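Reader: I'm new to looking at protein models. Could you walk me through how to read one?

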Amino acid sequence: MKNPKDVGDDDIYDPQFVANLFDRCSSSYRRWSAISSFGFISLWRYQCVNRLIPPAHTGSIAVDLMAGTGEVWPHLLRRFPDLGTITALDISHRMHLEAVDRLHGKYADMITHIEADALRTDLPSDYADLVISTFGLKTFDRDHQSVLAKQIARILKPGGSFALIEASDPKGWMLRPFYRFYLDRILPQIERFFLKGAKDFSMIGTYTRNYGDSTHMAEALREAGLSVTLKNHFFGCATSVAGYRPVKR
Ligand SMILES: C[S@@+](CC[C@H](N)C(=O)[O-])C[C@H]1O[C@@H](n2cnc3c(N)ncnc32)[C@H](O)[C@@H]1O
């Protein structure tokens, strides 16, 4: 029987496979994600940022994991105008380039770009006041999610807070069959037509189905010693986990 991790001969959870996939998607990512989600993706980023607990001091450090083209930064900076720096970590070289291309004005200096695998990052321990990640979880299988949870617990300062959100499979929702039909059938056709036969964004349907929701990520973060709550967004079409690192573990 075929392993759901494999497409053709490829392991879709191999970080190099994921990096190549997003390298190819990078130039159309921003527009495609906004249009294909009917604008929901921006609302969900905003709601994710709102789940962060404000740091007690100015000049704090935020780490954006799986930062992509930096779509969450405007939300972050609007909510925390006193932020010191944003450390943007992503494995895809081209997603970083797109982000840099788009940076302008006063906040360009605030962003530090790190091209690295989040599972193996050597960011210092007790480094961040805030950790955010928007739509970067689905390309991790369960074992990877446990490793990522430990990384987040390690990077966060005691008392620091985190919020992560991901598109999810809204099991039990009356309209789920339509939602799945859209993700699995309609989106691939649109992509093939408008992006000259490409099948990259269509992978998102596969990743989302395999991801399920953020329940496992919540458990992994709890096991890593963090305080965690799970939340549904729009009937479970996205789920977020947020919380903080207790001062004493
Ligand atoms: C769907 S995009 C999300 C980008 C952005 N955060 C947003 O809100 O649109 C997922 C990003 O995760 C990155 N990514 C996937 N696996 C990664 C890993 N192991 N380490 C670092 N980045 C990774 C991809 O390169 C991609 O840029």
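Reader: Let's start with helix H8. What covers the buried residues of H8?

Author: Keep in mind that this is a predicted model. The cover over the buried residues of H8 includes helix H5 (142-155), strand S7 (156-167), helix H7 (203-211), strand S8 (227-233) and strand S9 (238-244).

Reader: And which residues in H8 are buried?

Author: Here's the general idea: an α-helix has 3.6 residues a turn, so residues three or four places apart point the same way. In H8, which spans residues 215-223, the buried ones are His216, Met217, Ala218, Ala220 and Leu221. After H8 comes Gly225, with a positive phi near 100°.

Reader: Okay, strands next. How many residues of S4 are buried?

Author: In a regular strand the side chains alternate between the two faces of the sheet. As for S4, five of its six residues are buried, so call that strand mostly covered.

Reader: Which strand pairs with S4, and in what sense?

Author: Strand S3 (residues 61-65) does, in the parallel sense, over five bridges. To find the pairing on screen, look for Ile61, which stands opposite Thr85 in S4.

Reader: Where is Ser92, and is that residue buried or exposed?

Author: Ser92 sits in the loop between S4 and helix H4 (93-102). Ser92 counts as buried because its relative accessibility is 0%, and the cut-off for buried is under 20%.

Reader: What does Ser92 touch?

Author: Skip the neighbours within four places in sequence, and you find Ser92 in contact with Ala19, Phe22 and Asp23. The Ser92 side chain also reaches the backbone nitrogen of Met95, at 3.1 Å.

Reader: Now the ligand! Which residues come nearest?

Author: There are 20 residues around the ligand, and Tyr29, Met66, Asp90, Ala118 and Thr134 come nearest. Sorted by class, that shell has 12 nonpolar, four polar and four charged residues.

Reader: Which polar atoms lie by the ligand's nitrogen and oxygen atoms?

Author: Take the oxygen case: an N or O atom in the side chain of Arg45 is 2.9 Å from an oxygen atom of the ligand. On the nitrogen side, a polar backbone atom of Ala67 is 3.4 Å from a ligand nitrogen, and a backbone N or O atom of Ile91 lies 3.1 Å from a ligand nitrogen.

Reader: How much of the ligand does the protein bury?

Author: Taken alone, the ligand exposes 600 Å², and the protein buries 99% of that. Helix H1 (15-36) and strand S4 (85-90) are the elements giving two or more residues to the shell, with H1 supplying the largest share, three residues.

Definitions and conventions
Residues are numbered from 1 along each chain as its sequence is written. This is a predicted model: local features need pLDDT of at least 70, side-chain atom pairs count only at pLDDT 80 or more; totals for chains, interfaces and linings use all residues. Side-chain values use heavy atoms; hydrogens and water are left out. A residue is near a molecule or strand if one of its heavy atoms lies within 4 Å of it. A polar contact is a pair of N or O atoms within 3.5 Å; within protein, one must be able to donate a hydrogen and the other to accept it, and residues adjacent in sequence count only if both atoms are side-chain atoms. Accessible areas come from the Shrake-Rupley method with a 1.4 Å probe; for residues, only the protein chains shown count as cover. Helices (H or I, at least four residues) and strands (E, at least two) are DSSP runs, numbered from the N terminus. Ala, Val, Leu, Ile, Met, Phe, Trp, Tyr, Cys and Pro count as nonpolar, Asp, Glu, Lys and Arg as charged, and the others, Gly among them, as polar. Buried means under 20% relative accessible area, exposed over 50%, partly exposed in between (1.4 Å probe, protein chains only). Contact means heavy atoms within 4.5 Å. Two strands pair if DSSP finds at least two bridges between them.
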